[in-house]
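Open the model in your viewer and keep the selection panel at hand. The tour below goes from stop to stop, saying what to select and what is there.

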Amino acid sequence: MIDVVLAHGNEGATVEAVIDRAGVDEDTFAQHFDSIQDCILDAYWAHTNEFTVLVQAAFDREAVWRDSLRAAAYAAARYMRDNPRIVRFGTLQLFQAGPMAQAARESHLHRMVDLLDRGRQELDDPSSLSRGVAEGIFGSIYELVVRDLQSGRGTRAATDFVPEMMYLAVRPYLGQEAALEELSIPPPPEDRDE
Amino acid sequence: MAALPDYLKPVPAGRDKLPREVREEHQRDRILAVATEVFAKRGYPGTTVDHIVGAAKIGVGSFYSLFEGKEDCFLRAYERIVEEGEERIRAAAAPAESWSQRVAAALRETLAMIEAEPLRARIALVEIQTAGENALSRYEANLERVADALRPGREQSSIGSELPGTLEFATAGGLVWFLQQRVILGEAGSAADLFPEALEIVVEPYLGSAETAELISKA
């Protein structure tokens with residue numbers, strides 16, 4: 001499914017193209033999916049769940065929010081670096097796939113915003129900042145990923161962005177000094193993502 | 001007998017009154033206004049040329065005499081929205097004395113436009129990302145222009161030299177994503193309600209929480 005969408009765009013993602021690529025017949029397709037839209041969403045959710053489990057596990061391994069966020073950020077960045085096709089499908093292509101796909105994407109992305117928004121609990125007065133701050137931070141990260149995809153740089157440099165992203169994420173909740181520290185904290189070993 | 005000067009000659013009546021280019025421009029403007037509504041309500045992927053010509057009550061031939069196709073029509077509608085929006089934002093921000101005041105004025109005007117014209121907001125913030133590679137390139141180019149407008153914030157910031165190089169693009173992206181979410185979720189109704197959060201997203205990285213709160217209270 002992902003290969004078909006990336007090769008032919010959403011308009012070219014027909015049942016015929018998918019069964020041809022997968023080497024199955026139409027009856028087999030119909031046993032699993034009600035429509036091509038159903039298949040697109042199924043492909044999206046399968047990879048989104050994989051990504052979310054990985055990122056949430058990394059987040060939960062640490063006791064302090066800032067460390068949790070950094071661990072989750074590197075887990076996410078490494079997944080993106082290693083799975084550029086899936087990232088392209090889940091960002092650029094899925095947004096073009098209609099309202100149902102857009103709604104699915106938005107509900108997933110807001111789970112990522114939730115991880116950032118937990119930073120408000122670090123404040124003396126959590127209500128002094130709005131959830132909008134976390135949305136803005138997440139949007140910043142998302143647009144940087146999309147810009148690299150659009151420019152042809154792909155997701156190879158995703159891990160390089162993490163220190164600057166952590167600066168942006170930490171600063172509203174923990175202040176400038178903590179944010180500056182993030183720019184020089186080295187990445188965790190890669191086997192910790194497993 | 002002396003000839004009448006041109007300005008005293010009678011204006012010819014009928015279709016020749018306006019030059020063809022002017023008539024085409026008027027027709028294009030009218031279709032773009034209709035197409036904007038169709039694209040916003042159906043989404044770019046769900047819109048066909050037939051939808052547009054039906055809504056505009058024109059023939060397909062007339063459409064193709066003015067546009068190369070669906071994508072061309074959409075991109076022209078988008079560019080029109082961006083140009084007119086920029087003009088209003090520039091006018092709103094011009095009287096401001098400082099960078100942060102200019103940003104506040106620009107944001108107020110942007111949010112007012114989103115509230116007053118939700119269909120145009122949907123084109124500029126949401127559908128532009130669903131219309132293919134050319135559209136995405138234009139969207140990214142406009143994000144870069146927003147980023148350029150934010151860069152002078154470093155001069156007003158006490159920590160300008162410490163700020164990461166990607167900050168402006170990241171902030172522009174964050175703001176647009178925030179506004180896009182409001183449009184997608186149908187929460188873009190009150191410009192006044194959104195203003196504090198939007199301003200916080202943009203200026204807090206430069207000014208810090210205290211100065212940002214003061215700016216919000218005065219803006």
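Before the first stop, one convention is needed: Ala, Val, Leu, Ile, Met, Phe, Trp, Tyr, Cys and Pro count as nonpolar, Asp, Glu, Lys and Arg as charged, and the others, Gly among them, as polar. Keep in mind also that this is a predicted model.

**Stop 1: the largest cavity**

Rolling a probe the size of a water molecule over the atoms shows where empty space is left. By the rule used here, the count comes to four cavities of 30 Å³ or more, and the largest cavity has a volume of about 700 Å³. Select A:Phe51, A:Ala76, A:Met80, A:Met112 and A:Phe138, which lie nearest the centre of this cavity among the 35 residues that line it. Which classes of residue make up the lining of the largest cavity? It has 29 nonpolar, five polar and one charged residues. If you then colour chain A by helix, you can follow helix 4 (36-61), helix 5 (65-82), helix 6, helix 7, helix 8 and helix 9, each of which supplies at least two residues of this lining, with the largest share, seven residues, coming from helix 5 of chain A.

**Stop 2: a salt bridge within chain A**

Because A:Arg66 lies in helix 5 and A:Glu181 in helix 10 of chain A, the pair ties together parts that are 115 residues apart in sequence. Over all chains, the count comes to 30 salt bridges by this rule.

**Stop 3: where the two chains meet**

Now show both chains and select the residues in contact, which are 37 residues of chain A and 38 residues of chain B. The size of an interface is often given as the accessible area lost when the parts come together. Chain A and chain B bury about 3000 Å² between them, with 56% of it on carbon and sulfur atoms. How many salt bridges does the rule find across the interface of chain A and chain B? There are three, and one to select is the pair A:Arg171 and B:Glu204, whose side chains meet with 3.2 Å from N to O. On the side of chain A that touches chain B, the largest share, 14 residues, comes from helix 8 of chain A, while the residues of that side divide into 17 nonpolar, 11 polar and nine charged.

**Stop 4: the second largest cavity**

Next, select A:Ile137, A:Leu168, A:Pro172, B:Ile201 and B:Pro205, the closest to the centre of the second largest cavity among the 13 residues that line it. About 160 Å³ of space lies in this cavity, and helix 8 and helix 9 of chain A, together with helix 9 and helix 10 (191-218) of chain B, each supply at least two residues of its lining. That lining divides into seven nonpolar, three polar and three charged residues.

**Stop 5: the largest pocket**

For the last stop, turn to the largest pocket, which has a volume of about 1100 Å³. Select B:Gly85, B:Glu86, B:Ile89, B:Thr110 and B:Val146, the closest to its centre of the 35 residues that line it. Helix 4 of chain B gives the most to this lining, with 10 residues, and by class the lining has 24 nonpolar, three polar and eight charged residues.

Key: Residues are numbered from 1 along each chain as its sequence is written. Chains are lettered from A and ligands numbered from 1 in the order in which they are written. This is a predicted model: local features need pLDDT of at least 70, side-chain atom pairs count only at pLDDT 80 or more; totals for chains, interfaces and linings use all residues. Side-chain values use heavy atoms; hydrogens and water are left out. On a 1 Å grid over the protein atoms alone, a cavity is a set of points where a 1.4 Å probe fits but cannot get out, and a pocket is an open set with protein on both sides within 12 Å along at least five of seven lines; lining residues have an atom within 4 Å of a point. Grid points are joined across faces, edges and corners, and a volume is the space filled by probe spheres set on the points. Helices (H or I, at least four residues) and strands (E, at least two) are DSSP runs, numbered from the N terminus. Contact means heavy atoms within 4.5 Å. Buried area is the accessible area (1.4 Å probe) that two parts lose on being put together, summed over both. A salt bridge is a side-chain nitrogen of Lys or Arg within 4 Å of a carboxyl oxygen of Asp or Glu.
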